[in-house]
Amino acid sequence: MLQVDDLHRPGLGPISLQIDEGECLGLTGPSGAGRTLLLRAIVDLDPNQGRVIAAARERAGVPAPEWRRLVAYLPAEPGWWADRVGDHMPDREVARELLRGLGFVDPELVLSWPVAQLSSGERQRLGLARGLLAKARVLLLDEPTSALDPENCALVEELLRARPAAGASVLLVSHDAAQVARLARRSLRLEQGQLVAVS
Amino acid sequence: MSGYIELSYLDLALAALLLIINAGLTLLLGLRLEGRMLLAALRMTVQLLLVGLVLQTLFSLVSLWLTALVALIMALFAGREILARQEHRLAGWWGYGIGSSTMLAAGMMVTMLALNGPLQSEPWYDPRYAIPLFGMILGNAMTGISLGLDSLTSLARQERAGIEAQLILGRSRWQAMRPIARRAVRTGFTPMLNSMAAAGVVFLPGMMTGQILAGAPPEQAVKYQILLLFLIAGATGFGTLTAIMGSVWRLTDSRHRLRLDRLQAPAARDASAA
């Protein structure tokens with residue numbers, strides 16, 4: 001479960017929302033409305049105020065690295081810090097399985113690829129795989145399929161659908177209303193840093 | 001150290017002709033460097049003549065407090081130099097404070113060690129030994145620290161996505177900054193490592209050359225030079241490492257966030273300087 005109370009920072013909020021265990025909540029809104037700011041604030045990547053509770057633990061009482069393992073944030077454009085794909089995957093065994101599910105035919109070969117040669121679609125799928133490895137209780141997804149073709153998009157959606165089914169709480173930011181309708185039963189809209197409508 | 005050839009001001013004027021010829025050449029070629037060359041030469045001459053006077057007085061007085069004062073002034077200038085060489089520096093007093101304090105601490109520690117250990121000058125703060133030694137150590141630590149810090153802050157901006165990717169996955173700020181901190185330390189160490197590698201083979205170090213010209217036996221001059229290179233390496237190492245660790249600490253916070261907002265934008269700096 002994820003509970004956000006009165007979360008605010010310059011340009012955003014105050015925001016309050018709740019996502020139950022096993023629920024996927026959609027978040028739409030125009031670009032620049034603060035959707036990425038909201039996700040970054042929840043995982044505490046930028047200074048912000050407010051109360052956030054995940055899996056019955058309050059953020060203020062949890063060291064930040066541990067909090068981010070509890071609440072995984074998957075940015076639209078994942079960053080890389082080493083030369084090869086495999087250097088970014090702590091658990092290669094689980095990674096191989098995830099990569100197969102994401103449409104990579106030879107996972108072992110993919111792990112040896114240099115990051116510099118990846119296409120933007122490959123980067124996005126590999127970034128998702130990396131973020132999903134740890135099986136966090138809460139997932140914050142920022143435009144998870146923005147760089148993908150319809151075929152890969154369907155693979156990713158299938159993979160993402162399995163997470164709430166396994167009990168995770170998911171917050172899905174997407175500009176694609178159809179995708180939000182497919183994955184989320186409930187959705188909110190963010191405009192100029194404020195939640196405006198519930199459908 | 002006796003029997004060196006004394007120089008007159010006429011000798012210096014003759015040597016200055018070389019620079020004037022160079023300035024004339026850049027003028028002919030339209031490189032527009034002649035003004036800066038002459039200004040730099042003039043500045044160097046005035047600075048060194050003044051320092052000569054100060055040192056002459058200082059050496060004859062042998063006062064602990066005066067020596068400490070001169071050392072402090074040198075360190076303050078070096079601190080400004082570190083700041084000026086950084087494109088993206090920490091905002092506020094941190095930009096000046098981290099570089100200057102680590103340089104001063106490393107320089108003082110190593111100089112004291114040398115004065116009380118190998119050199120055994122009497123008294124230990126005898127400015128004839130303390131000031132030149134401190135100056136050489138300080139200058140090299142300054143270069144290492146300024147290169148290291150400049151590299152760290154530029155890399156933090158460039159590699160933001162990679163650093164935050166690690167933080168997102170639950171790594172600590174120290175782990176996430178390690179790849180760029182390592183590159184910054186390497187950059188800071190490079191001139192010191194290069195000068196040790198090339199000393200004696202590619203060039204004869206300045207201090208050793210000076211001692212030989214002043215009449216010291218080469219074997220003694222070499223020993224002094226080796227001692228000095230070790231001292232420089234020690235001070236540059238301590239200074240660069242502590243300055244980079246301090247800046248990593250300041251560029252992140254206790255909630256393990258990357259805080260690029262604590263860097264000053266170059267544009268804002270120019271505006272505030274104007």
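From the N terminus on, the elements of chain B run α-α-α-α-α-α-α-α-α-α, a total of 10 helices and 0 strands. The model is predicted. Chain B touches chain A, and in chain A the strand β8(A), residues 169–173, is largely enclosed by the rest of the structure.

**Chain B overall**
- Along the principal axes, the C-alpha atoms of chain B fill a box of roughly 70 × 55 × 40 Å.
- Of the 274 residues in chain B, 31% are buried.
- Among contacts in chain B between residues at least 6 apart in sequence, 74% join residues at least 24 apart.

**Contact between the chains**
- The contact involves 15 residues of chain B and 15 residues of chain A.
- On the side of chain B that touches chain A, helix α6 of chain B (residues 160–168) gives the most, with 7 residues.
- That side of chain B consists of 5 nonpolar, 5 polar and 5 charged residues.

**Strand β8 of chain A**
- Because 5 of the 5 residues of β8(A) are buried, the strand is largely enclosed by the rest of the structure.
- In a regular strand, side chains alternate between the two faces of the sheet.
- Ser169(A), Leu171(A) and Val173(A) lie on one side of β8(A), Val170(A) and Leu172(A) on the other, and all are buried, which leaves both faces covered.

**Neighbours of β8(A)**
- Strand β3 of chain A (residues 24–28) runs parallel to β8(A) and is joined to it by 4 bridges; Leu25(A) has Leu171(A) as its bridge partner.
- Strand β7 of chain A (residues 138–142) also pairs with β8(A) in the parallel sense, over 5 bridges, with Leu141(A) opposite Leu172(A).
- β7(A), helix α6 of chain A (residues 150–165) and β8(A) form a right-handed β-α-β unit.

Notes. Residues numbered from 1 in each chain as written. Chains lettered and ligands numbered in written order. Predicted model: local features only at pLDDT ≥ 70, side-chain atom pairs only at ≥ 80, totals over all residues. Contact = placed C-beta atoms within 7 Å. Helix = DSSP H or I, 4+ residues; strand = E, 2+ residues; numbered from the N terminus. Nonpolar A, V, L, I, M, F, W, Y, C, P; charged D, E, K, R; others polar. Buried ≥ 20, exposed ≤ 12 C-beta atoms within 10 Å, placed from the backbone. Pairing = 2+ DSSP bridges. Right-handed = clockwise from strand over helix to strand, strands pointing away.
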